[in-house]
Amino acid sequence: MNKDNIVLIGMPGAGKSTLGVVLAKVLGYQFIDADLVIQEKENRLLKDIISQEGLEGFIQIENDVNASIETKHSVIATGGSVIYGKEAMEHLRQIGTIIYLKLSYRTISKRLGNIRQRGVVLKKGQDLAGLYEERCPLYEKYADIVVDCENMDLEETMETIVERILTIVE
């Protein structure tokens, strides 16, 4: 089975990286933060890539990097904008089970302070609400499993994911 990775997708602030680390420990998997892989390959911070290359340039780089991830037994936390990369999403779907960490707009906006500092990809004139509306259908489209994380803490979210994964594997 070559789909032995777990790929976390969702909005910035959904907890992909935080949850990914804990999930990897529980499963005895490696943890890969796709945003850090991008920064390492590019030798620049995400926000610098975005300001230097623009939105399209960043999305292309993110797509290329994610489409080239080769790993086994890993939990991969992706950047929120990974879903704009068709090749990346097809590749990730081939190597893993894609889990969408779903949260309400209210919770996401509460969790995110200054989204520009987080390297969040916003189009000109777009706000967080617009971004949320645009991305949610894409997350739903690519997800093998949707986990509604609303009103769940880290522990509960993780237990839910582990249960759902085990039903797929068996």
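User: Let's start with Ile99. Which residues does Ile99 touch, leaving out those up to four places away in sequence?
Analyst: Ile99 touches Ile6, Val7, Leu8, Ile9, Ile145, Val147, Ile161 and Ile165. Contact means heavy atoms within 4.5 Å.

User: What kind of model is this, and how are residues numbered?
Analyst: This is a predicted model: local features need pLDDT of at least 70, side-chain atom pairs count only at pLDDT 80 or more, and totals for chains, interfaces and linings use all residues. Numbering runs from 1 along each chain as its sequence is written, and side-chain values use heavy atoms, with hydrogens and water left out.

User: How many residues are in the largest nonpolar core?
Analyst: That core has 43 residues. Ile9, Ile99 and Ile161 have the most contacts inside it. A nonpolar core here is a set of buried Ala, Val, Leu, Ile, Met, Phe, Trp, Tyr and Cys residues joined through side-chain atoms within 4.5 Å. Buried means under 20% relative accessible area, exposed over 50%, partly exposed in between (1.4 Å probe, protein chains only).

User: Which elements give two or more residues to this core?
Analyst: The strands are β1 (5-9), β3 (74-77), β4 (96-102) and β5 (145-148). The helices are α1 (16-27), α4 (86-95), α6 (128-142) and α7 (154-169). α6 gives the most, with 6 residues. Helices (H or I, at least four residues) and strands (E, at least two) are DSSP runs, numbered from the N terminus.

User: What lies apart from this core?
Analyst: Another core, of 10 residues, including Ile38, Ile49, Phe58 and Ile59.

User: Switching to helices. At what angle do α3 and α4 pack?
Analyst: About 20°, with their axes 7 Å apart. Axes are lines fitted to C-alpha atoms, for helices over the stretch in contact, and angles run from 0 to 180 degrees between N-to-C directions. Angles under 35 degrees count as roughly parallel, over 145 as roughly antiparallel, 65 to 115 as roughly perpendicular and the rest as oblique. So α3 and α4 are roughly parallel to each other.

User: Which residues meet there?
Analyst: From α3, Asn63, Asn66 and Ala67. From α4, Lys86, Glu87, Ala88, His91 and Leu92.

User: Now the backbone. What is phi of His73?
Analyst: Near 50°, a positive value in a residue other than glycine. His73 sits in the loop between α3 and β3. His73 is partly exposed, with a relative accessible area of 43%.

User: And where is Asn151 found?
Analyst: In the loop between β5 and α7. Phi of Asn151 is near 60°, also positive. Asn151 is exposed, with a relative accessible area of 74%.
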